[in-house]
Amino acid sequence: MEDVAALVEVSRDPALRQWASSVVDNDADGARWVQAQQRGWAAGDRFGFAVLEAQPGSVREQLVGNVVLKEVTSRKPAAEVGYWTAAHARGRGVASRALEALTSWAFDTFEADGLERLELLHQVDNLASCRVAQKSRYDFDSILPAAPPSFPRDGHLHIRRTSA
């Protein structure tokens, strides 16, 4: 909850809002978003991580992004990953490093329970997300048709298997 103000600030970025599935306009929205992440952890089916960066001369870390593992179900072979990066942190490999850490954690944690692959979906015109997927060894699999309102344009499905 201590990152709510930073989450609200980061969420003002028009580029992030273009791709985000939820809108955080104020502290109340931010608190609801954080509480939803906490509920996912408690339910054991959605695991969101804040991506933080140490700041020189400060004991407080700066919010630079988020990664999430979602749709985790026992004995289900696939789960989905997602991520976003704050505007001030883009172009520095933050998303791909965070995604790689999440991917390793997910396979280490859930492979024995049947997890075989992770799926990464992004809208076809989100070229930055496509580059992150490729950098993170998520192979392009297929084009998915639009599914408005949450997925208004066609998308790419990228997959990473435990053997990758």
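Visitor: Which strand gives the most to the lining of the largest pocket?

Guide: First, the ground rules. This is a predicted model, where local features need pLDDT of at least 70, side-chain atom pairs count only at pLDDT 80 or more, and totals for chains, interfaces and linings use all residues. Residues are numbered from 1 along each chain as its sequence is written, and side-chain values use heavy atoms, without hydrogens and water.

Guide: A pocket is an open set of points on a 1 Å grid over the protein atoms alone, where a 1.4 Å probe fits, with protein on both sides within 12 Å along at least five of seven lines; lining residues have an atom within 4 Å of a point. Strands (E, at least two residues) and helices (H or I, at least four) are DSSP runs, numbered from the N terminus. Here, strand 3 gives the most, with six residues.

Visitor: What is the volume of the largest pocket?

Guide: Volume is the space filled by probe spheres set on the points, which are joined across faces, edges and corners. The value is about 1,200 Å³. Of 46 lining residues, the closest to the centre include Trp-19, Tyr-83 and Trp-84.

Visitor: And the second largest pocket: which element gives the most to its lining?

Guide: Helix 3, with five residues. This pocket has a volume of about 290 Å³.

Visitor: In what order do the sheet's strands run?

Guide: Two strands pair if DSSP finds at least two bridges between them. Six strands form an open, mixed sheet, ordered 1-2-3-4-6-5. Its edges are strand 1 (46–53) and strand 5 (139–144). Strands 3 and 4 run parallel, joined by four bridges. Val-81 stands opposite Leu-120 in strand 4.
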